[in-house]
Amino acid sequence: MDKAYCKAEGDLADRLVAALEAAEAAGGDVRGRQSAALVVVGGQPTGKPWIDRKFDLRVDDHPQPVDELKRLLRLQRAYLHSDESDMALEKNDFATANAEYAAARESAPGLMEIPFWWAVTLVKSGKVDETLPIFKSVFDREKAWVRLVPLLAASERLPDDPELIKKILAMAPDPDGSANDRD
């Protein structure tokens, strides 16, 4: 574990997972594979545990717990980058927001939630034309997101502008918004 930890590249979470993989390769727990967990806390306490805990992941009763932990780690990284992107947009720092969004997509390329919420955030920032190809890509892959658009307008997560909503929904394979769920 020590050698794997020291040789691994990446941040603390990456090195800890490498150590878990090495332990598993060396025989692991005598009871067999069952669970894995990872907690990484930032070095400077903020008094806000939800911010301080960078990673708090646990896999219980799984046939491949370390592999599942790695998958969850990638997802958590995507969500952290997405959060950073949103914070950058609040400051009108579009360069950082775009970089963080790209990192989120790279961490979880198959997760349509990331580009969907990125597009919603861009709409709220007034960059509607930039969002249309993003919405189209999401809707083409997972049609269920189409149904959320009018609901977001009704709840003020998107502007309650019928023309804008119509423009976004026009990106769907079934523009009236009645598309079925993901294939």
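**Entry 1: D60 and R58**

I started with D60, which comes out as partly exposed at 45% relative accessibility. One thing to keep in mind from here on: I'm working with a predicted model. Next I checked who D60 pairs with, and I found a salt bridge to R58, where the closest N and O atoms are 3.0 Å apart. R58 itself is exposed, with a relative accessible area of 56%.

**Entry 2: K167 and D129**

Then I moved on to another pair. K167 and D129 bring their side chains together in a salt bridge, at 3.4 Å from N to O. I looked up where the two sit, and the pair links distant parts of the chain: K167 is in helix 9 (residues 162-169), D129 is in helix 7 (residues 128-141), and 38 residues separate them. How accessible are they? K167 is partly exposed, with a relative accessible area of 39%. D129 has 56%, so I put it down as exposed, since the cut-off is over 50%.

**Entry 3: R77 and D11**

On to R77. Its side chain meets the side chain of D11 in a salt bridge, 2.7 Å from N to O. This pair also ties distant parts of the chain together: R77 belongs to helix 4 (residues 65-90), while D11 lies in the loop between helix 1 (2-7) and helix 2 (12-25), 66 residues apart. R77 has 17% relative accessibility, so I noted it as buried, because the limit is under 20%. D11 is at 30%, which makes it partly exposed.

How many salt bridges did the count come to? I wrote down nine. A reminder to myself on the general idea: side chains of opposite charge can pair when their charged atoms come close.

**Entry 4: E100, without a salt bridge**

Last stop was E100, which I found in helix 5 (residues 94-107). E100 is buried, yet I found no salt bridge for it. Where is the nearest side chain of opposite charge? It belongs to R77, and it is 10 Å away. A salt bridge has to be within 4 Å, so R77 doesn't qualify as a partner for E100.

So what does the side chain of E100 make a polar contact with? I found the side chain of H81, at 2.6 Å. Leaving out residues up to four places away in sequence, E100 touches H81, E84 and S85.

Terms used:
Residues numbered from 1 in each chain as written. Predicted model: local features only at pLDDT ≥ 70, side-chain atom pairs only at ≥ 80, totals over all residues. Heavy atoms only, no water. Helix = DSSP H or I, 4+ residues; strand = E, 2+ residues; numbered from the N terminus. Buried < 20%, exposed > 50% of the residue type's maximum accessible area, 1.4 Å probe, protein only. Lys, Arg positive; Asp, Glu negative; His and termini not counted. Polar contact = N/O pair within 3.5 Å; in protein donor to acceptor, adjacent residues only side chain to side chain. Contact = heavy atoms within 4.5 Å.
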